[in-house]
Amino acid sequence: MYCEGDSWGCYLPMSLRSMGSDPMERVVKLASESAVVIFSVSSCCMCHAAKRLFCGMGVNPTVYELDQDPRGKEMEMALTTLLGNSQTVPIVFIGGKLIGAMDRVMASHINGSLVPLLKEAGALWL
Amino acid sequence: MNSPTPQFVPSRLGIYEPIHQIGIWGENFKSNGNPNTSTSVIVEVDNKLENESETTSHEMLTASNNYEQEASKPIDKIQRRLAQNREAARKSRLRKKAYVQQLENSRLKLIQLEQELQRARQQGLYMGGVLEGSHIGFSGTVNSGIAAFEMEYGRWVDVQHRQICELRTALNAHISDIELRILVESGIGHYFELFRMKSTVAKADVFYVISGVWKTSAERFFSWIGGFRPSELLKLDPLTEQQILEVCNLKQSCQQAEDALSQGMEKLQETVSSTVAGGPVDEVSYIPQVATAMEKLEALVSFVNQADHLRQETLQQMSRILTTRQAARGLLALGEYFHRLRALSTLWATRPPEPSLP
């Protein structure tokens with residue numbers, strides 16, 4: 001399993017690293033590699049809240065700190081265009097599908113749709 | 001103009017600054033021999049040291065101008081006039097320096113006063129959120145944002161009270177579900193209106209919202225990120241088993257969401273605290289630390305918004321789970337609860353003083 005932070009790179013052989021590919025592609029690729037993916041910025045406290053939310057549910061999210069990634073800026077821009085300009089980190093993908101920023105994550109947790117999604121993605125067991 | 005003017009020159013370090021600036025001033029002057037520029041540049045420098053060299057070259061150029069215009073005047077009169085000009089210019093520079101120093105001291109004092117005022121406010125000078133006279137200090141936009149909010153909030157509380165009475169009457173009168181639904185919808189919408197109002201004023205002054213100074217003291221006691229805890233909404237007795245299960249799940253999700261936001265807030269506190277404390281303490285200038293902390297505090301606005309968002313979603317989910325009648329009862333209970341908290345605040349504020357010990 002991948003662990004948090006920027007150590008993900010060392011687990012991938014060079015051939016699989018998407019060198020020079022479109023940042024959006026990279027985002028999608030990273031998002032589909034784990035059940036729960038959070039794109040975050042290490043200094044962002046709302047991102048910290050998002051991480052705590054998932055950990056509190058017993059889920060182990062894969063976190064990519066965009067400020068610690070050399071191509072993080074491009075990826076952040078790609079994510080912003082994907083979501084519309086008002087949305088910002090943390091941005092969450094579950095089972096490869098885009099959930100959204102903190103707003104959407106909170107809303108879907110309250111209305112009960114988050115847990116089934118997590119179970120479907122294999123991040124939560126009964 | 002390329003003479004650097006520091007934003008903040010602490011008087012203790014003032015003695016070092018002028019020497020640095022004199023050097024640059026000298027270079028500036030040598031490179032552009034235009035007499036007009038020398039008089040219009042802002043000078044925060046003690047020119048006593050380099051006065052002579054600067055002003056003589058200045059005078060030579062002015063002197064040549066004067067000489068062309070008034071060639072007939074005797075030399076000593078010119079010399080006297082030049083000496084007077086020198087003296088006047090030096091005095092003017094000294095005055096300007098003193099004035100600027102005064103301004104900077106006043107600015108610091110103003111910042112301190114504003115902070116004290118804010119603290120005094122938060123200690124309950126604005127009882128029950130009533131608008132009192134003028135909001136001193138801060139910028140005009142912050143003032144008007146807060147003043148507008150306080151007026152609107154006063155009206156909001158009145159409407160809230162009216163709605164609660166209507167709900168109570170409606171429930172006792174056993175009106176139809178459809179009519180009750182209308183009341184429920186407007187009740188929930190009324191809370192959404194409050195969240196909108198809070199979001200606007202949070203942009204103007206997030207500390208105002210988060211301090212809860214706009215609420216009564218008892219309400220403030222229970223405050224969580226600028227409002228009530230979403231889980232407060234869940235103190236009801238549902239009926240069916242299905243509802244019990246759903247409310248139970250909602251309670252758990254709500255709790256987890258609240259915990260996550262609380263932890264985010266704690267992290268924010270730590271971050272701001274370590275930023276403000278950072279840097280050497282023995283230096284007078286703390287501007288970089290404070291400026292960085294300012295940036296980090298912006299995150300507070302998003303937390304206030306997220307907390308209100310959570311309140312909104314929880315309200316909506318409750319109205320989905322419950323029947324119309326249950327929702328009406330729930331809204332009545334919630335409204336009544338806050339009404340009683342407000343009454344408690346008033347009672348507490350007006351309670352007779354404790355008898356002094358013998």
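1. Salt bridges between the chains. In this predicted model, the count of salt bridges between chain B and chain A is 0. Polar contacts do cross the interface of the two chains: 5 residue pairs are found, with both partners at pLDDT 80 or more.

2. Which helices of chain B face chain A? Two helices, α9 (241-277) and α11 (299-321), each supply at least two residues of the side of chain B that touches chain A. Helix α9(B) gives the most to this side, with 12 residues. By residue type, the side of chain B that touches chain A holds 8 nonpolar, 10 polar and 3 charged residues.

3. Extent of the interface. On the chain B side 21 residues are in contact with chain A, and on the chain A side 16 residues are in contact with chain B. Together the chains bury about 1700 Å², and 66% of this area lies on carbon and sulfur atoms. Of the area that chain B buries against chain A, 28% comes from Gln256(B), Lys267(B) and Gln306(B), which is more than any other three residues supply.

4. One residue to look at: Gln317(B). This residue sits in helix α11 of chain B. Is Gln317(B) buried or exposed? Its relative accessibility is 11%, and the cut-off for buried is under 20%, so Gln317(B) counts as buried. Apart from neighbours within four places in sequence, Gln317(B) is in contact with Ile110(A) and Asn111(A) in chain A, and with Leu250(B) in its own chain. The side chain of Gln317(B) also forms a polar contact of 2.3 Å with the side chain of Arg320(B).

5. Layout of chain A. Chain A contains 5 helices and 4 strands. Read from the N terminus, the order of these elements is α-β-α-β-α-β-β-α-α. Chain A has 126 residues, and 48% of them are buried. Among contacts in chain A with a separation of 6 or more, 60% are between residues 24 or more positions apart.

6. Confidence in chain A. The mean pLDDT of chain A is 83, and 83% of its residues reach 70 or more. Residues 1-18 of chain A have pLDDT below 50, and this stretch makes 20 contacts in the model beyond near neighbours in sequence. Where pLDDT is low, predicted coordinates should not be read in detail.

Notes:
Residues numbered from 1 in each chain as written. Chains lettered and ligands numbered in written order. Heavy atoms only, no water. pLDDT = per-residue confidence, 0-100. Contact = heavy atoms within 4.5 Å. Buried area = accessible area lost by both parts, 1.4 Å probe. Salt bridge = Lys/Arg side-chain N within 4 Å of Asp/Glu carboxyl O. Polar contact = N/O pair within 3.5 Å; in protein donor to acceptor, adjacent residues only side chain to side chain. Nonpolar A, V, L, I, M, F, W, Y, C, P; charged D, E, K, R; others polar. Buried < 20%, exposed > 50% of the residue type's maximum accessible area, 1.4 Å probe, protein only.
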